[in-house]
Amino acid sequence: MPNPHPQPLPAADSIRGLACLIVLVMHGISFCWPKAFPLLRGGGKYGVWLFFVLSAFLLTLRLQQRGFTAVSLLDYALGRILRILPLFTLACLLYYWAGMGIQDTDQLHAALTFEQGFIHLWTIPVEFKFYLLLPPLAWAGLCLKRRFGNAAILLAGIALLVLQQSVWPYWQTPENSADTRWYLPSFLFGILAALLLPYLRNLPRIRLATPFALFTLLILLLALPGSRLWLFNTPLSDDLLDKHLYLGLIWACFTGLLLEGHGLAGRLLCSRPLAFLGIVSYSTYLFHWLILMTLAGHWPGHMATFPIGIFLSIAAGAAGHYLAERPLENLRKRLMVRIRKPRYLQQ
């Protein structure tokens, strides 16, 4: 049954903001100081995998709360379409106009039809195509949970992951592939964390949240190619690019433990600046590459280029949110009011 009174998730926007901040910082440093790129290669994907996990987590919770009725699923589909496609189309056209990543009309067509990913825009087709799979997976998981309990969800999740990895093992993932199949583990971990949230709420999260946040930070820092070179004299490589299976699991645990603001780390996550960045993160993500690359091309290596680029990227994200995302969300709400209203009241 739908839950009319969902519990608040005070750190949800901030965790989305953290994902966006990771991408901004990693790309900003790499663009402004290209010599740093081999040391950080793959670090920007930390934020992408967190986006994948968090998106699946929050959408699964929303479907649980609103139910799986025809109206609820229509609302879900309409929300995803209006939130993602208009701004993604605008971004593709801008990058094509700037000659950045999308070089000709064939590539523009491939980008707009989700056939191929270009520069950082590859993540949007991956996530959007997963939106089709999420409702049946969430519904099946919820049915298993109600009938057989949490153990059944975990066993089914493990079985799905084993099956997925047997067909599309993570170490064969093409770089920046627009095919969702490679990144299914990140989304599945998000769904599982959402379904298991009542169990997670029984854990001593006040004691666990901050240590796990520090553990996550340590793992992310140690996994960077530059850190391994410095600490272990490991040659620089691109082997971090396909580790979404492991880091997706870590991000799912991180999300489940910190989403409700527990512990010192949870309270820090609930900061207003990080929450604001989370609110404007989609537009920021879409347009930051254009801004950072343009600035770095004109003023390479300048210390001011990095903070100015970050500031302008967030400003562009705020503009996209207030000029497009919010009006489109209001349009969705108006359309759903008309759909839900009995016909005799519409006449």
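Is C143 buried, partly exposed or exposed? I looked it up: C143 is partly exposed, at a relative accessible area of 31%. The classes I use are buried under 20% relative accessible area, exposed over 50%, and partly exposed in between (1.4 Å probe, protein chains only).

The model is predicted, so I note the limits: local features need pLDDT of at least 70, side-chain atom pairs count only at pLDDT 80 or more, and totals for chains, interfaces and linings use all residues. Residues are numbered from 1 along each chain as its sequence is written, and side-chain values use heavy atoms, with hydrogens and water left out.

**Cysteines.** I searched for disulfides (cysteine sulfur atoms within 2.5 Å) and found zero. C253 is in none; its nearest cysteine sulfur, that of C270, is 19 Å away. C253 is partly exposed, at 33%.

**Core.** Next I checked the largest nonpolar core, which has 101 residues. A core here is a set of buried Ala, Val, Leu, Ile, Met, Phe, Trp, Tyr and Cys residues joined through side-chain atoms within 4.5 Å. Y46, L134, W251, F254 and L286 touch the most other members. Helix α3 (residues 44-66) gives the largest share, 14 residues. Helices are DSSP runs (H or I, at least four residues), numbered from the N terminus.

I then followed L134. Beyond its neighbours within four places in sequence, L134 is in contact (heavy atoms within 4.5 Å) with A56, L59, T60, L63, Y76 and I191.

**Helix α11.** I ended at F232, which lies in helix α11. F232 counts as exposed, at 56% relative accessibility.

Key:
Helix = DSSP H or I, 4+ residues; strand = E, 2+ residues; numbered from the N terminus.
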